[in-house]
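The following note sets out points for a colleague who is about to work with this model. Please read the points alongside the coordinates.

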Amino acid sequence: MILFCAALLVGPAAAQQPATRLPDDALPPALDRVLRDYEQAWRTGDAKALAALFSEDGFVLQSEHAPVRGRAAIEAAYAGQGSSPLRLRALAHAVEGNTGYIIGAYTYGSNVGDTGKFTLTLQRVGDGPWMIFSDMDNTSASPRAK
């Protein structure tokens, strides 16, 4: 019991230490294309192009927004977003059959350090292109007082 209480006291302090930047993970070209196409569509504010990267029944799970499902809803959710120099980098990935994932971090422009992190769940049909089934992201900033 004493050890558990000590862990509770130490835990929050340890969580506030600056995180070490995790190294980039080299993606195979077919997965890297997903990130580069996402960056390009975001930079130009092209909601239609962003939505086209998703499977027909895909999800967007953004911080402080309700979940969005389906390409048409994704396009509507992304309308008015973007038009900024998004940079994505992979931290880890895996593929088994026609399912995969990318865990990564993002920032904007020439910012030093990561602004936030994301997970992409990917799927493809046959030998087709990898499509995003789900995109979940959140910032790395401390929570704001409300």
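**Notes on the predicted model**

1. The model is a predicted one. Of its 146 residues, 28% count as buried. The accessible surface of the chain amounts to about 9,100 Å², and carbon and sulfur atoms hold 61% of that area.

2. The mean pLDDT of the chain is 87, and 84% of the residues reach at least 70. Among the elements, strand 2 (residues 68-69) has the highest mean value, 98, whereas helix 1 (residues 2-15) has the lowest, 44. Throughout residues 1-16 the pLDDT is below 50, and this stretch makes zero contacts in the model beyond near neighbours in sequence. Where pLDDT is low, predicted coordinates should not be read in detail.

3. The chain comprises four helices and six strands. Along the sequence these elements follow the pattern α-α-α-β-β-α-β-β-β-β.

4. The six strands form an open sheet of mixed pairing, in the order 2-1-6-5-4-3. Strand 2 and strand 3 are the edge strands, each pairing on one side only. Helix 2 packs on this sheet and touches strand 1, strand 3, strand 4, strand 5 and strand 6 (131-139), with its direction at about 150° to that of strand 3. Helix 4 lies across strand 1, strand 2 and strand 6, and runs at about 45° to strand 1.

5. The pairings around strand 4 can be checked residue by residue. Strand 3 and strand 4 run antiparallel and are joined by ten bridges; Ala94 has Tyr101 in strand 4 as its bridge partner. Two residues lie between these strands in their hairpin, where Gly97 adopts a positive phi near 65°. Strand 4 also pairs with strand 5 in the antiparallel sense, over eight bridges. In that pairing, Thr99 stands opposite Gln123 of strand 5, and Gly104 has Phe118 of strand 5 as its bridge partner.

6. Which residues touch the most other members of the largest nonpolar core? They are Tyr38, Tyr78 and Ile102, in a core of 26 residues. At least two core residues come from each of helix 2 (29-43), helix 3 (47-52), strand 1 (54-61), helix 4 (71-78), strand 3 (86-96), strand 4 (99-108) and strand 5 (116-123). Helix 2 gives the largest share, six residues. In soluble globular proteins, nonpolar side chains tend to be buried together.

7. Leaving aside residues up to four places away in sequence, Tyr78 touches Tyr38, Trp42, Ala47, Leu50, Phe54, Val60, Gln62 and Asp135.

8. Is Glu64 buried or exposed? Glu64 counts as exposed because its relative accessibility is 63%, and the cut-off for that class is over 50%. Ser83, likewise not a glycine, has a positive phi of about 60° and sits in the loop between helix 4 and strand 3. With a relative accessibility of 54%, Ser83 therefore counts as exposed.

Notes: Residues numbered from 1 in each chain as written. Predicted model: local features only at pLDDT ≥ 70, side-chain atom pairs only at ≥ 80, totals over all residues. Heavy atoms only, no water. pLDDT = per-residue confidence, 0-100. Contact = heavy atoms within 4.5 Å. Core = buried A, V, L, I, M, F, W, Y, C linked by side-chain atoms within 4.5 Å. Buried < 20%, exposed > 50% of the residue type's maximum accessible area, 1.4 Å probe, protein only. Pairing = 2+ DSSP bridges. Axes fitted to C-alpha atoms, helices over the stretch in contact; angles between N-to-C directions. Areas by Shrake-Rupley, 256 points an atom, 1.4 Å probe, with all protein chains shown as cover.
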